[in-house]
Amino acid sequence: MSVCSNQLPYNWNGDNYTSAGTYTKTLTNAPGCDSVATLVLAVQPLNVNTEEVLACNRYTWPVNGQTYTASGTYQSDNGCNREVLKLVINQSSTTTNTISACGSYTWALNGQTYTVSGTYSKITDCDTAILQLTINNASSSTQSISSCISYTWNGQ
């Protein structure tokens, strides 16, 4: 019999065994005669592989094909091989900033300067930031006026 180390103690015919070896036990068979049974116990080491994952919203673990939506520690056993998943799930979020600027605007989130109106985005981990930008260009005008008497400009 071969067992994994995490299956010890191994119970055989009412006795617990904690290590590999050859064990015999005298039993009484149905007709009342002595019967000697032999257990050859092999103990295999438990191989544990731990994987730490940070994911957004959900994660499908390739080891077992299951999709998880909550943080936690999950395991999958295959014989003497144990796979352990330490999973942290972060929920994604989106924030939108609407900005009007004259001439240009430098977005602090990515350090870029924009001179054209538009919608720009930046994705960081599970978060999406959206910039809805309106660039207003400065304007100027010149008026030439001749007056022989006083002149009032813009009501002043």
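These exercises walk through a predicted model, each with a worked solution.

**Exercise 1. The disulfides**

Task: Find how many disulfides the whole structure holds, and which cysteines form them.

Solution: 
- Step 1. Search the whole structure. Two disulfides turn up.
- Step 2. Take Cys 4 and Cys 80. Their sulfur atoms are 2.0 Å apart, and they form a disulfide. The cut-off is 2.5 Å between cysteine sulfur atoms.
- Step 3. Take Cys 56 and Cys 126. Here the S to S distance is 1.9 Å, and a disulfide joins them.
- Step 4. A disulfide is a covalent bond between the sulfur atoms of two cysteines.
- Step 5. Count the bonded cysteines along the chain. The pattern is 1-3, 2-4.

**Exercise 2. Handedness and reach of Cys 4 and Cys 80**

Task: State the hand of the disulfide between Cys 4 and Cys 80, and say which parts of the chain the pair ties together.

Solution: 
- Step 1. Read the torsion about the S-S bond. For Cys 4 and Cys 80 it is about -100 degrees, so this disulfide is left-handed.
- Step 2. Cys 4 lies in strand E1, while Cys 80 sits in the loop between strand E9 (72–78) and strand E10 (81–90).
- Step 3. Draw the conclusion. The tied parts are 76 residues apart in sequence.
- Step 4. Check burial, which means under 20% relative accessible area. Cys 4 has 5%, so Cys 4 is buried. Cys 80 has 17%, so Cys 80 is buried.

**Exercise 3. Handedness and reach of Cys 56 and Cys 126**

Task: Work out the hand of the disulfide between Cys 56 and Cys 126, and where each cysteine lies.

Solution: 
- Step 1. Read the torsion about the S-S bond. For Cys 56 and Cys 126 it is about -95 degrees, so this disulfide is left-handed.
- Step 2. Locate the ends. Cys 56 is in strand E6 (residues 47–56), and Cys 126 is in the loop between strand E14 (118–124) and strand E15 (127–136).
- Step 3. Note the reach. The pair links distant parts of the chain, 70 residues apart.
- Step 4. Check accessibility. Cys 56, at 31%, is partly exposed. Cys 126, at 8%, is buried.

**Exercise 4. Two further cysteines**

Task: Decide whether Cys 33 and Cys 102 are buried, partly exposed or exposed.

Solution: 
- Step 1. Set the limits. Buried means under 20% relative accessible area, exposed means over 50%, and partly exposed falls in between.
- Step 2. Cys 33 has 43% relative accessibility, so Cys 33 is partly exposed.
- Step 3. Cys 102 has a relative accessible area of 65%, so Cys 102 is exposed.

**Exercise 5. An aromatic cluster**

Task: Describe how the rings of Trp 12 and Tyr 17 are arranged, and name the cluster they belong to.

Solution: 
- Step 1. Search the whole structure for aromatic pairs. There are four.
- Step 2. Examine one of them. The ring centres of Trp 12 and Tyr 17 are 6.2 Å apart, and their planes meet at 55 degrees, so the pair is tilted.
- Step 3. Check burial. Trp 12 has a relative accessible area of 15%, so Trp 12 is buried. Tyr 17 has 11%, so Tyr 17 is buried.
- Step 4. Name the cluster. Trp 12, Tyr 17 and Tyr 23 form one aromatic cluster.

**Exercise 6. Two touching residues**

Solution: 
- Step 1. Ser 76 has a relative accessible area of 19%, so Ser 76 is buried. Arg 82 has 18%, so Arg 82 is buried.
- Step 2. List contacts beyond four places in sequence.
- Step 3. Among the contacts of Arg 82 are Asn 6, Val 48 and Ser 76.

**Exercise 7. Backbone details in loops**

Task: Find the backbone features at Pro 9, Asn 13 and Asp 125.

Solution: 
- Step 1. The peptide bond from Leu 8 to Pro 9 is cis, with omega near 0 degrees. Pro 9 lies in the loop between E1 and strand E2 (10–12).
- Step 2. Asn 13 is not a glycine, yet its phi is positive, near 50 degrees. Asn 13 lies in the loop between E2 and strand E3 (15–17).
- Step 3. Asp 125 also is not a glycine, and its phi is positive, about 50 degrees. Asp 125 lies in the loop between E14 and E15.
- Step 4. Compare accessibility. Asn 13, at 38%, is partly exposed. Asp 125, at 69%, is exposed.

Note on methods
Residues are numbered from 1 along each chain as its sequence is written. This is a predicted model: local features need pLDDT of at least 70, side-chain atom pairs count only at pLDDT 80 or more; totals for chains, interfaces and linings use all residues. Side-chain values use heavy atoms; hydrogens and water are left out. Rings of Phe, Tyr and Trp (its six-membered ring) pair if their centres lie within 6.5 Å; planes under 30 degrees apart count as stacked, over 60 as edge-to-face and the rest as tilted. Buried means under 20% relative accessible area, exposed over 50%, partly exposed in between (1.4 Å probe, protein chains only). Helices (H or I, at least four residues) and strands (E, at least two) are DSSP runs, numbered from the N terminus. Contact means heavy atoms within 4.5 Å.
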